[in-house]
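Dear colleague,

I am handing over a structure that you have not worked with before, and I would be glad if you could look through it alongside the notes in this email.

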Amino acid sequence: MPASENVSANLRSAENVRSIRTDETYGEVHAQQIVLLYRQLPAALTATLLIAFVVVGVTWPVADARLLLSWLIVVCALTGHRVLLLRRFTASAPRAEQMAPWLRSFFVGTLLSGLIWGAAGVLLAGQNLIHQFFFGLLLAGLAAGGVSTLSSYRGVYAAFLLPSMLPFAAHMASYLDPVHVAMASMILLFVALMLGISARIHSTIAESLRLRFRNLGLVDTLTATKENLQYANAALQREIGEH
């Protein structure tokens with residue numbers, strides 16, 4: 001084969017490497033977003049348990065004891081399940097193409113956690129305005145903390161935020177007096193604000209990961225191109241020598 005055809009073939013090979021690497025980059029970014037969710041899960045679960053016991057201590061004098069203990073048992077059971085899920089994920093070290101079931105399991109656990117905290121805001125806040133303010137601040141704090149740990153993958157943060165905050169907002173609005181309606185309005189405004197912040201954090205994380213893997217792909221492509229050009233140059237030198 002003439003050297004010129006060798007050069008063209010090798011350049012086409014480099015283009016194919018670049019195309020394959022682009023597909024791999026998308027998969028790796030997707031996988032790393034899920035890995036980030038699991039990596040930050042231990043701190044989130046620890047905080048959840050501590051806050052749950054604080055809720056029990058604060059509301060014990062005013063809430064129904066059986067309801068409160070039942071809620072705490074559910075929190076502990078879900079936390080234990082998610083700890084086991086984290087251990088299985090860490091032990092299996094799934095590849096990029098194996099991430100889909102792990103994402104579904106994490107999403108369901110996050111959704112259930114949001115529902116449990118939303119139920120607490122409705123069932124445990126009671127009629128006392130001070131306790132209602134306490135739950136409002138508590139849920140807002142959980143939402144603010146979750147935005148940094150759940151925003152790496154689109155939609156996961158909303159799976160916690162909406163079921164945890166909206167039932168409490170609806171419960172406050174049901175009182176129909178100015179104070180409670182104002183509280184409900186501020187909660188809705190807060191939810192909209194946090195969704196916007198989460199979207200920006202997600203975009204930043206995703207772009208950072210894409211840039212990281214794009215740079216790795218560029219290095220691989222340049223290396224392959226250099227090797228192909230060296231091979232083509234050697235073939236050209238041999239052809240010149242033969243002529």
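This is a predicted model: local features need pLDDT of at least 70, side-chain atom pairs count only at pLDDT 80 or more; totals for chains, interfaces and linings use all residues.

Of the 243 residues in the chain, 40% count as buried, and the chain exposes about 13500 Å², of which carbon and sulfur atoms supply 67%. When contacts between residues at least 6 apart in sequence are considered, 76% of them join residues at least 24 apart.

The 24 residues of α4 should span 34 Å at 1.5 Å a residue, and because the C-alpha atoms at its ends are 35 Å apart, the two values agree. Along α4, which covers residues 100-123, the buried residues are W102, L103, F106, G109, T110, S113, G114, I116, W117, G118, A120 and G121.

The largest pocket has a volume of about 390 Å³. Its lining is made up of 25 residues, and those lying nearest the centre of the pocket are A44, T48, S113, L142 and F160; S113 is also among the buried residues of α4. At least two lining residues come from each of α2 (41-59), α3 (65-92), α4 (100-123) and α5 (129-150), with α5 giving the most, namely 7 residues. Sorted by class, the lining of this pocket holds 15 nonpolar, 9 polar and 1 charged residues.

The last item is H202, which has its place in helix α7, residues 178-242. Is H202 buried or exposed? Its relative accessibility is 8%, and because buried means under 20%, H202 counts as buried. Leaving aside residues up to four places away in sequence, H202 touches Q33, S151, S152, Y153 and R154. The C-alpha atoms of H202 and G155 are separated by 9.6 Å, although these residues are 47 places apart along the chain.

With kind regards

Notes
Residues are numbered from 1 along each chain as its sequence is written. Side-chain values use heavy atoms; hydrogens and water are left out. On a 1 Å grid over the protein atoms alone, a cavity is a set of points where a 1.4 Å probe fits but cannot get out, and a pocket is an open set with protein on both sides within 12 Å along at least five of seven lines; lining residues have an atom within 4 Å of a point. Grid points are joined across faces, edges and corners, and a volume is the space filled by probe spheres set on the points. Helices (H or I, at least four residues) and strands (E, at least two) are DSSP runs, numbered from the N terminus. Ala, Val, Leu, Ile, Met, Phe, Trp, Tyr, Cys and Pro count as nonpolar, Asp, Glu, Lys and Arg as charged, and the others, Gly among them, as polar. Buried means under 20% relative accessible area, exposed over 50%, partly exposed in between (1.4 Å probe, protein chains only). Contact means heavy atoms within 4.5 Å. Accessible areas come from the Shrake-Rupley method with a 1.4 Å probe; for residues, only the protein chains shown count as cover. The expected span of a helix is 1.5 Å times one less than its number of residues.
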